[in-house]
Every structure is written in structure tokens, then in C-alpha cells.
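Good morning, and thank you for the time. Please look at the sequence and the structure on the screen, and I shall then go through them.

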Amino acid sequence: MSATQQFLLDSYRAAQHGQAAPPAPGAHDWQVVREVRDYGRFQAVIRERPAHGRVRAGLARFVSALRGAGVRSPRPLP
């Protein structure tokens, strides 16, 4: 069963019992992302490491690895 099907079933059951509908799938995704980021920063402080710039540096390494691996756009058709 997909997340959407489960949401629709839960919404139907809540309506039958007069309860509030559950939150839609993906409604709290950004909140989870922020909490994970904050947890990583907290752990960095606890372990006495710099708590800033780690994600950006990791993304920069990832992008440079993609560029170095020969990833390029396809040629236009003649």
C-alpha cells in the first residue's frame, strides 16, 4: 500500500469517527530536514568540531567529483 492510499484510508476512518484528518504525506518533510541539520550541528558542538560549513563543503566535493568524472550534457542531434 502506498503512502497516498494509507493517507486516504486513514482520512476516511477519521471522518467516520468524527476525528481530525491526519496530516498529508510530506507535510512535515522540511521540518524533519531542519531537525536533522540541527542535530548534526549539535553533535558537532558536542564533539568540539566546527559546526558550520560542513554541508556546503560536502556538496562542493560532490559537484567537483561529478565534473571530474566526465559528466556532460548530450550532444545536439544534427
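I begin at Gly 18, which follows helix α1 and has a positive phi, near 75°. Helices here are DSSP runs of H or I with at least four residues, and strands are runs of E with at least two, numbered from the N terminus. The model is a predicted one, in which local features need pLDDT of at least 70 and side-chain atom pairs count only at pLDDT 80 or more, while totals for chains, interfaces and linings use all residues. Residues are numbered from 1 along each chain as its sequence is written, and side-chain values use heavy atoms, with hydrogens and water left out.

How far apart are the end C-alpha atoms of helix α1? The distance is 21 Å, which agrees with the span that its 15 residues, 3–17, should have at 1.5 Å a residue. That expected span is 1.5 Å times one less than the number of residues.

Within helix α1 we find Ser 11. Is Ser 11 buried or exposed? Ser 11 counts as buried because its relative accessibility is 18%; buried means under 20% relative accessible area, exposed over 50%, and partly exposed in between, with a 1.4 Å probe and protein chains only. Leaving aside residues up to four places away in sequence, Ser 11 touches Ala 21 and Pro 22, where contact means heavy atoms within 4.5 Å.

For the protein as a whole, there are three helices and zero strands, and the pattern along the sequence is α-α-α. Buried residues account for 5% of the 78 residues. The accessible surface is about 7300 Å², and 60% of this belongs to carbon and sulfur atoms. Such areas come from the Shrake-Rupley method with a 1.4 Å probe, and for residues only the protein chains shown count as cover.

Tyr 39 is exposed, since its relative accessible area is 53%. Together with Phe 42 and Ile 46, Tyr 39 forms a nonpolar surface patch with about 350 Å² of accessible area. Patch residues have over 30% relative accessible area and no salt bridge; like charges are joined within 9 Å, and nonpolar side chains (Val, Leu, Ile, Met, Phe, Trp, Tyr) within 5 Å.

Lastly, which side chains meet in a salt bridge? They are those of Arg 37 and Asp 38, at 3.5 Å from N to O. The rule asks for a side-chain nitrogen of Lys or Arg within 4 Å of a carboxyl oxygen of Asp or Glu, and the count by this rule is one. Arg 37 is partly exposed, at 39% relative accessible area, and Asp 38 is partly exposed, at 39%.
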